[in-house]
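Hi,

Here is the structure I promised to pass on. Have a look when you get a minute, and my notes are below.

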Amino acid sequence: NSCVGPAISLPLFAGGRLAGNLEARTGEYDEAVESYNQTILDAFAAIASQAERLKSLEARAEESAEAMHLCARSYDIAKRGYQAGLTNYLNVLAAEKNLLDAEELDASIAAERLDAHAQLMQELGGGYEARRENGGAGHFPDPFSPPSPPENTLPEVRGLSGRQP
């Protein structure tokens, strides 16, 4: 004995349950949108901050290069004065120390600029993955060691019959 007929299920007597669920889901959606918008604003603020940092470091690099140039001129003048017998060697040493300090500052600023570029790329959504060589995570070859010979990149030479010569 089987019953054949339409099976209709209408939420006529849900007692406001559906309206409550809709209101709860709408609130969750609004919170998600607000969170997303805040994430976007934070990302733009971080990008603007890194761009401003790069601009500041660029100005510092220009000033440092000028200072290094002036220190090099001072060192050259002190060295010539010593060679001509016009001054003592302490002046040469002081000028050389100033030149070395200027070069160290210039190198420090260059390192900061590289770091700022890397951070900006990361803020823009990029990333950094260390190359894996010799099976080691993040292992890079020694820059002072001689380069390894290139792999054979020449195409295979075959005769007309398909055999190697």
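Part of what covers the buried residues of α2 is α1 (17-83). Keep in mind that this is a predicted model. The α2 residues in question are V92, A95, L99, A102, I109, A116 and L120, which are buried. On α1, the buried set is Q50, L54, L57, A61, S64, C71, Y75, A78 and G81.

Is Q50 buried or exposed? With a relative accessible area of 10%, Q50 counts as buried, because the cut-off for that is under 20%.

As for the helices themselves, α1 has 67 residues and reaches 97 Å from first C-alpha to last, close to the 99 Å expected at 1.5 Å a residue. α2 runs over residues 89-123, so 35 residues, and its first and last C-alphas are 51 Å apart, close to the expected 51 Å.

One last thing, on what follows each helix. Just after α1, G85 takes a positive phi of about 80°. Just after α2 comes G125, again with a positive phi, of about 110°.

Let me know what you think.

Cheers

Notes
Residues numbered from 1 in each chain as written. Predicted model: local features only at pLDDT ≥ 70, side-chain atom pairs only at ≥ 80, totals over all residues. Heavy atoms only, no water. Helix = DSSP H or I, 4+ residues; strand = E, 2+ residues; numbered from the N terminus. Buried < 20%, exposed > 50% of the residue type's maximum accessible area, 1.4 Å probe, protein only. Contact = heavy atoms within 4.5 Å.
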